[in-house]
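Subject: Structure handover

Hello,

Here is the structure you will be working with. Please open it and keep it in view while you read my notes.

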Amino acid sequence: MKDILKEVHSPLFDGISLEERKTMLGCIGYHIGTFKKGDIVAFEEENIKHIGIIVSGAVDMIKEDLWGNKTMLVRMKKDELFGETFACGSDNLSVVTFLVSEDAKILFMPFDRVMPSCTMA
């Protein structure tokens with residue numbers, strides 16, 4: 001799984017070498033999720049505690065109204081972040097649904113472990 005880190009080129013990691021990234025992610029903990037088109041990554045009103053980085057594929061941010069009408073707000077692709085707005089806020093409840101629009105691999109990092117400094121480095 002560590003080889004998958006070579007595929008992540010998010011601006012979040014600008015200036016951080018692959019070896020430093022491996023150490024950092026090993027310290028804070030992460031996991032890779034594999035999703036098929038049509039899978040839900042997170043539902044509206046779900047408690048979001050992880051930041052996601054799309055390694056491959058695409059994820060749509062969907063908003064549903066009271067009548068069940070769905071609106072795609074944005075499509076996120078490789079190396080883009082999602083969920084950070086909710087994971088970083090004081091209220092972690094998502095106001096949107098994240099739906100996989102192309103088979104995807106996503107790197108998830110727990111926000112509560114991203115912000116504090118790591119003592120292992």
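Predicted model: local features only at pLDDT ≥ 70, side-chain atom pairs only at ≥ 80, totals over all residues.

The partner of E44 is K63, and the two form a salt bridge. Their closest N and O atoms are 3.1 Å apart. K63 is partly exposed too, at 31% relative accessibility. Where do the two residues sit? K63 lies in strand β3, and E44 lies in the loop between β2 and β3. The pair therefore ties together parts that are 19 residues apart in sequence.

That is one case. How many salt bridges does a search of the whole structure find? The search finds six. Here are two others.

K77 forms a salt bridge with E102. The closest N and O atoms of this pair are 3.5 Å apart.

K36 forms a salt bridge with D103. Here the closest N and O atoms are 4.0 Å apart. The pair links distant parts of the chain, 67 residues apart. K36 is in the loop between β1 (31-35) and β2 (40-42), while D103 is in strand β6 (residues 97-110). Is K36 buried or exposed? K36 counts as exposed, because its relative accessibility is 54% and the label applies over 50%. D103 has a relative accessible area of 44%, so D103 is partly exposed.

Now look at the strands. Strand β3 covers residues 50-64, and strand β4 covers residues 70-77. They pair in the antiparallel sense, over seven bridges. Find D60, then look across: D60 stands opposite R75 in β4. β3 and β4 form a hairpin, with five residues between them. In the turn, G68 has a positive phi of about 90 degrees.

Last, the helix α1, residues 18-28. Which of the residues of α1 are buried? They are R21, K22, L25, C27 and I28. Just after α1 comes G29, with a positive phi of about 85 degrees.

Best wishes

Note on methods: Residues numbered from 1 in each chain as written. Heavy atoms only, no water. Pairing = 2+ DSSP bridges. Helix = DSSP H or I, 4+ residues; strand = E, 2+ residues; numbered from the N terminus. Buried < 20%, exposed > 50% of the residue type's maximum accessible area, 1.4 Å probe, protein only. Salt bridge = Lys/Arg side-chain N within 4 Å of Asp/Glu carboxyl O.
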